[in-house]
Amino acid sequence: VHSERSGYQPSYIVAARNPWSNAVIATPAALYYEEGKSNATAVPLLVAGADGETQEKSVVSKGITGFISAYGGGAGALVGHLTDSDKKDLESAGAEFNWKVTADSVKAVSIAVAEQFWKKSDAALIIKNDEKGYGFGVNALPLASYLDIPVYVVDHIDTEVKASLSKLGVKYTLLCGDVGTYGRVYPLNNHSKIWSLIATGK
């Protein structure tokens with residue numbers, strides 16, 4: 001599988017905690033293996049925003065603001081919608097964003113990230129935007145980083161998604177959940193199959 005990056009490389013990526021898809025979509029943008037190289041390329045991926053179990057609403061954790069401050073700030077990418085309070089906390093720590101996608105639609109976020117970070121990709125990982133898709137998709141996510149391919153989280157492969165896949169030259173799709181088809185399809189519909197593919201490439 002061949003892919004080519006767009007050349008855009010932020011100093012870090014901040015993904016809004018909700019919905020879950022933001023961090024999943026951003027993962028191979030932040031961590032990937034270039035073709036022919038054995039070492040991964042990585043930029044920090046920070047998941048920020050409200051989490052009722054661990055922090056107050058609309059407060060970015062001190063771990064994240066402390067990291068950005070120690071990291072020296074720099075120009076980052078923002079994936080997903082953060083509250084004004086969240087953005088203020090990040091900016092106070094030194095964060096700057098030279099690229100943002102804050103669309104409410106998970107599909108729109110997927111398309112924007114794919115087309116911002118990749119110029120071409122023979123394959124894409126497509127995850128159904130539901131609980132079952134999440135379960136398979138999170139397990140399959142290492143494949144996207146290893147193959148350096150974009151992740152789309154969608155309800156189904158509609159004309160907009162097809163247009164984006166066509167733009168990137170996608171020929172093969174790894175599918176987690178019932179999303180439809182595009183190109184040569186590799187369904188990843190059980191965990192054993194996913195783990196075997198990660199471990200053996202088969």
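Visitor: How many aromatic pairs are there by this rule?

Guide: Rings of Phe, Tyr and Trp (the six-membered ring of Trp) pair if their centres lie within 6.5 Å, and planes under 30 degrees apart count as stacked, over 60 as edge-to-face and the rest as tilted; by this rule the count comes to 10 aromatic pairs. One of them joins Tyr12 and Tyr71, an edge-to-face pair at 6.4 Å centre to centre with 80° between the planes. Because Tyr12 lies in the loop between β1 (3-5) and β2 (13-16) and Tyr71 in helix α2 (residues 62-71), this pair ties together parts that are 59 residues apart in sequence. Helices (H or I, at least four residues) and strands (E, at least two) are DSSP runs, numbered from the N terminus.

Visitor: What should I know about the origin of these values?

Guide: This is a predicted model, in which local features need pLDDT of at least 70 and side-chain atom pairs count only at pLDDT 80 or more, while totals for chains, interfaces and linings use all residues. Residues are numbered from 1 along each chain as its sequence is written, and side-chain values use heavy atoms, with hydrogens and water left out.

Visitor: Is Tyr12 buried or exposed?

Guide: Buried means under 20% relative accessible area, exposed over 50%, and partly exposed in between (1.4 Å probe, protein chains only). Tyr12, at 1% relative accessibility, therefore counts as buried, whereas Tyr71 counts as partly exposed at 42%. A further pair is that of Tyr33 and Tyr146, whose ring centres are 5.7 Å apart with planes at 55°, so the pair is tilted. Tyr33 lies in strand β3 (residues 31-33) and Tyr146 in helix α5 (residues 131-147), so here the parts tied together are 113 residues apart in sequence.

Visitor: Which rings does the charged end of Arg5 sit over?

Guide: A charge sits over a ring if NZ of Lys or CZ of Arg is within 6 Å of the ring centre and within 35 degrees of the ring normal. The charged end of Arg5 sits over the ring of Tyr32, 3.5 Å from its centre, and also over the ring of Trp118, 4.3 Å from its centre. Trp118 in turn forms one aromatic cluster with Tyr8, Trp99 and Phe117.

Visitor: Which residues is Lys167 in contact with, leaving aside its neighbours within four places in sequence?

Guide: With contact meaning heavy atoms within 4.5 Å, Lys167 is in contact with Glu115 and Lys119, those neighbours being left aside. Lys167 lies in helix α6 (residues 159-168) and counts as exposed at 59% relative accessibility.
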